[in-house]
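Thank you all for coming.

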Amino acid sequence: MRHPWYHLPLYALLVVACDPATSGFKRIAEDTDMQLHVIGDGEHIPVAGDSVLLRVRIAALDSPPGSFFSTERWYAVADLRSGVLGAVLDRSHEGDSMSVITPGSRIPWETMSARSELQGSVRLEFSIREIRTKEMIHAARALKRTTDPEGFQRDVITAYLLSNEGNWERWGNSDLHHHIEGDPLDTSRVRHGDVVTIAYVGMRLEDEQVFDDTERNGEPFTFRYGDTDQLIRGLEVAVSLLREGQHGTFVIPSEMAFGARGLADVVTPNEPVVYRVELVRVVRGPAAG
Amino acid sequence: MRSIVITLIAVAIGCGGDAARPDRPALPGDQRDRSIEENRSAIRLEERDIDLYERRYGYTTTATGRGVRIAMVRDVDGANARNDQWATINYRVELLNGDTAYATGPGKPESFLIGMDDVESGLHEGVQFLSPGDSAVLIIPSYRAHGLLGDSDKIPMRSTVIYHIGLVKVSDRR
């Protein structure tokens, strides 16, 4: 007959292992346990710079799940990584859903925008609904560029005008915008047949990288106004808007610049450009009827 | 009869000077739970409206932290604006239905002191993701903008606002 306490160590072990609060949990930090419920099919681990759509429910250990705080919204991963959530995020992918038991002091309450804080052990139900990375955002922009070039171009032009101090005016109904400075030497406009000299600098709208510069090419460009195929359409409009002695900046949409073909190696298809133009000299031609 | 009047006056005076009254009377438990639940569902509905708006206009946004979403449209190199700097911005404020509420005129950008001035709290947060020359779309939920009441002018109650914003320049506070 064995001593009645012979099995006691075994019982004790059973009781510890089946502690209802943490059974099935894995220790991920010194005071934090995690249990995975659903494994999503995502492979990307959220890193700083990403955004995650989170569903979070927080409650004290002995109260019903989510009774203290619950939300579902987008968070910036960089903000969430303080406290215990960094360790949790390192072990999670898109679609995952898990429970975490951790001391209340390790939860970034302010980032979660909770009104008050819970002390003691809390239980966190945590699921990652969606992850959005920087690459995905670049890909979405690239997609819009190919599928909706006009909308993309309008976005780019609007953004340029917004981030700029100029007193922009729109030319009629088009997407050409201009902003003209300087006092005119001659108030009458350029007419067909006039010989016009202009100095200009052509830049990409995106990063203001210069691709065409009359000064660098040696001398200003002289041509007879009205002759076809001398200039891009946007520059002809620019000349018609300027008076002798004035200079201005012109945002030119691609259909009035290099169109759907672009300019080899410099201007991509459907890309708007910006020109700084100065009307240097006008030599009046024979007055047209 | 007179004693009754005196008693009534005494009661009225006695009850009027209740110094210990809390600023906000606590709601009974069930009513408080209900108002929390209503606020929660209002926020959830607003988030859904914003999702639909993004999808309709093809914006792919990132979260800035406290509920504001940002879609960069023009991103040039440079240091981002910081707290306690003057930001000069051009903007167009729209509502979810596409109406324009306010806008700066061409050539007339406006300035505010980041972190201090009386503009939407979501704007203080969003502008710190921009460097001079950048332009973005900020989607600010009502609780980071004009809240429950609106601004009693162009922005109605509980309205999400959409800022098309361009940061022209920043300057340090002197």
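Predicted model: local features only at pLDDT ≥ 70, side-chain atom pairs only at ≥ 80, totals over all residues.

Of the 174 residues of chain B, 32% count as buried, where a residue is buried if 20 or more other C-beta atoms lie within 10 Å of its own, exposed if 12 or fewer, and partly exposed in between, with the C-beta atoms placed from the backbone. Residues are numbered from 1 along each chain as its sequence is written, and chains are lettered from A and ligands numbered from 1 in the order in which they are written.

Staying with chain B, its secondary structure comes to three helices and seven strands, and here helices (H or I, at least four residues) and strands (E, at least two) are DSSP runs, numbered from the N terminus. Followed along the sequence, the pattern of chain B reads α-α-β-β-β-β-β-α-β-β. Among the contacts in chain B with a separation of 6 or more, 67% are between residues 24 or more positions apart, a contact being two residues whose C-beta atoms, placed from the backbone, lie within 7 Å.

Let me turn to a sheet in chain A. In what order do the six strands of this open sheet lie? The order is 1-2-5-6-3-4, with antiparallel pairing, and two strands pair if DSSP finds at least two bridges between them. Strand 1 (26-29) and strand 4 (69-76) of chain A stand at the edges with a single partner strand each, so one side of each is left without a neighbour in the sheet. From one strand to the next the twist averages 30°, with axes taken as lines fitted to C-alpha atoms, for helices over the stretch in contact, and angles running from 0 to 180 degrees between N-to-C directions.

Strand 1 of chain A is joined to strand 2 of chain A by three bridges, the two running antiparallel, and Lys26(A) stands opposite Met34(A) in strand 2 of chain A. Met34(A) also stands opposite Val100(A) in strand 5 of chain A, and five bridges link strand 2 (residues 32-38) to strand 5 (residues 97-103) of chain A, again antiparallel. Strand 5 of chain A is then tied by seven bridges to strand 6 (residues 121-132) of chain A, which runs antiparallel to it, with Thr102(A) opposite Val122(A).

Also in strand 6 of chain A is Arg123(A). Is this residue buried or exposed? With 22 C-beta neighbours inside 10 Å, Arg123(A) counts as buried, and, leaving aside its neighbours within four places in sequence, Arg123(A) is in contact with Ala59(A), Leu61(A), Pro65(A), Ser99(A) and Ile101(A).

Next, consider where the two chains meet. The contact takes 25 residues from chain A and 25 residues from chain B. On the side of chain A that touches chain B, the elements giving two or more residues are strand 4, helix 4 (134-147) and helix 5 (149-162) of chain A, and helix 5 of chain A gives the most, with six residues. As for helix 4 of chain A, the count of buried residues among its 14 residues is zero.

The largest nonpolar core has 59 residues, and those with the most contacts inside it are Ile252(A), Tyr275(A), Val277(A), Leu138(B), Tyr163(B) and Leu167(B); such a core is a set of buried Ala, Val, Leu, Ile, Met, Phe, Trp, Tyr and Cys residues joined through C-beta atoms within 7 Å. The largest share of this core, seven residues, comes from strand 7 (residues 161-172) of chain B.

I will finish with two loop residues. Most residues other than glycine have a negative phi. Glu208(A), however, has a positive phi near 55°, and Glu208(A) lies in the loop between strand 9 (195-204) and strand 10 (210-213) of chain A, where, with 12 C-beta neighbours inside 10 Å, it counts as exposed. Asn270(A), which is not a glycine either, has a positive phi of about 60° and is placed in the loop between strand 12 (247-252) and strand 13 (273-283) of chain A, yet with 21 C-beta neighbours inside 10 Å Asn270(A) counts as buried.
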